[in-house]
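Please look at the sequence and the structure first.

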Amino acid sequence: MVLNWIWIAFFVIAFLMALGRTIFSGDLQVWSDIMNASFDQAAFAFEISLGLTGVLTLWMGIMKIGERGGVIECFGRLIAPFFSRLFPGIPKGHPAMGAIFMNISANMLGLDNAATPMGLRAMQEMQTLNDNKDTATDAMIMFLVLNSSGLCLLPISIMMYRAQGGAANPTDIFIPILVATAVATLVGLTALCIKQKIRMDAVLLSWLLGIALFVGAVTWFFSRMPADKVQLYSTFGANVTLFAVIIAFIISGVRKKLRVYDVFIEGAKDGFKTAVMIIPYLVAILVAIGMFRASGALDIFTHWVEQGVAWMGFDTQWVGALPTMLMKPLSGSGSCAMMLDVMKANGPDAFVSKLAAAVRGSTDTTFYILAVYFGSVGVSRTRYAAGYALLADITGAVAAVVVAYFFFT
């Protein structure tokens, strides 16, 4: 519902802005600019989807091998001690815990299509433990905040968009995103543990400290490098990690005695379908944004924010990524469109384009997750879920800005 009104607002504001420019400035060209922008952006959306087909097909095939090879199950076993403490209200061995493990593991591996069905199953299982069916339980809220903070080890989709946009090093945002999303997850989890009065025993503390130490180690490691080496080695680390993942997934398939090639083809077919399915969403959002930008409304908005930031004495380079930040909690496709619009306007290797990519990868789509997951089980009273999820969003966005300045300036 929120996205519906935002989408309408783009068109209405663009129309009113153009009308004002015509009446007060005599500008007749703005109407042609707006309509031309709509046609250009529609074509651009199709080109993006078409260009993604090959890369998306490749990675969906690789991910299917990992899924069938038991990688997600391995992740579930690894994080079981941690999750049993985060969800004390779920009995040991309950089916809800298995679904939670599968969902979070799939998210960490970038398996978005697999993560959502698993998440819905987790909510259904947790609802069986809920005495007040219209009210969110503590376990549900913890699960939603974990999803919203969006800890992801492999931000494949963002790398694909950057590759499609012609970035010189599409993987150079890998480590910045990893740091930003880890910070968002750490803050969201810690705040929620305090809220829910979850006892901080040795296991829970060791996991939280482990995340913090990992983020600190990555930051420390790159802070000691010369500025001209930071991007080189972060890109190297990302590429080695991704290739290692491919090899690990293939080995897992061989160990399971799968026909690895056939499994890859099965997943690759899903990749092609996914590329086709996103065309309407990209067209809808990109056209709206293109008309909004062509009317001059976006320039005025960012100019006002830029002036305010400059007045306070801060650097203003990040302001161009602000629309991506604001859209991210509302819509995954909308924030993706904002990121693509920034890349198209500034070039994929501009600082603001890399920052927009880091922001988009720092957290997940909060209001979409809340609406779909709570709506699937009929929960209408979400208590404090939105507030703590937005805390993770804000933390992730701020962390993305700080890390992007460190890596890319």
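The questions and answers below go through this structure feature by feature.

Q: What kind of model is this, and how are residues numbered?
A: This is a predicted model; residues are numbered from 1 along each chain as its sequence is written. Local features need pLDDT of at least 70, and side-chain atom pairs count only at pLDDT 80 or more, while totals for chains, interfaces and linings use all residues; side-chain values use heavy atoms, with hydrogens and water left out.

Q: How many helices and strands are in the protein chain?
A: Helices (H or I, at least four residues) and strands (E, at least two) are DSSP runs, numbered from the N terminus. The protein chain has 18 helices and zero strands.

Q: What share of the residues counts as buried?
A: Buried means under 20% relative accessible area, exposed means over 50%, and partly exposed is in between (1.4 Å probe, protein chains only). Of the 409 residues of the protein chain, 52% are buried. Accessible areas come from the Shrake-Rupley method with a 1.4 Å probe; for residues, only the protein chains shown count as cover. The chain's accessible surface is about 18700 Å². Carbon and sulfur atoms hold 67% of that surface.

Q: Which residues of the largest nonpolar core touch the most other members?
A: In soluble globular proteins, nonpolar side chains tend to be buried together. A nonpolar core is a set of buried Ala, Val, Leu, Ile, Met, Phe, Trp, Tyr and Cys residues joined through side-chain atoms within 4.5 Å. The largest core here has 93 residues, and F83, F87, M126 and F143 touch the most other members. Helix α8 gives the most to this core, with ten residues. A second, separate core has 14 residues, including I246, V263, F264 and A268.

Q: What does F143 touch?
A: Leave out residues up to four places away in sequence. F143 then touches F87, I100, N103, I104, G119, A122, M123, M126 and Y373.

Q: Is α6 mostly covered or open?
A: Mostly covered: eleven of its twelve residues are buried. Among them are M140, F143 and S148. From first C-alpha to last, α6 reaches 16 Å, close to the 16 Å expected at 1.5 Å a residue. The expected span is 1.5 Å times one less than the number of residues. G150 follows α6 and has a positive phi, near 65°.

Q: Where does S148 lie, and what is it in contact with?
A: S148 lies in helix α6, residues 138-149. S148 counts as buried because its relative accessibility is 1%. Beyond its neighbours within four places in sequence, S148 is in contact with T363, D364, T366, I369, A389 and D393.

Q: How many salt bridges are there?
A: Side chains of opposite charge can pair when their charged atoms come close. A salt bridge is a side-chain nitrogen of Lys or Arg within 4 Å of a carboxyl oxygen of Asp or Glu. The count comes to nine. One of them joins R85 and D201 (2.5 Å, N to O). R85 lies in helix α3 and D201 in the loop between α8 and α9, so the pair ties together parts that are 116 residues apart in sequence. R85 is partly exposed, at 26% relative accessible area, whereas D201 is buried, at 14%.

Q: Which parts does the salt bridge of D138 and R383 link?
A: The side chains of D138 and R383 meet at 3.0 Å, N to O. D138 is in helix α6 and R383 in the loop between α17 and α18, 245 residues apart. D138 is partly exposed, at 32% relative accessible area. R383 is also partly exposed, at 44%.

Q: Which residues other than glycine have a positive phi, and are they buried or exposed?
A: K197 is one of them, with phi near 55°. K197 lies in the loop between α8 and α9 and is exposed, at 73% relative accessibility. K257 has phi near 60°. K257 is in the loop between α10 and α11 and is exposed, at 75%.

How values were computed: Contact = heavy atoms within 4.5 Å.
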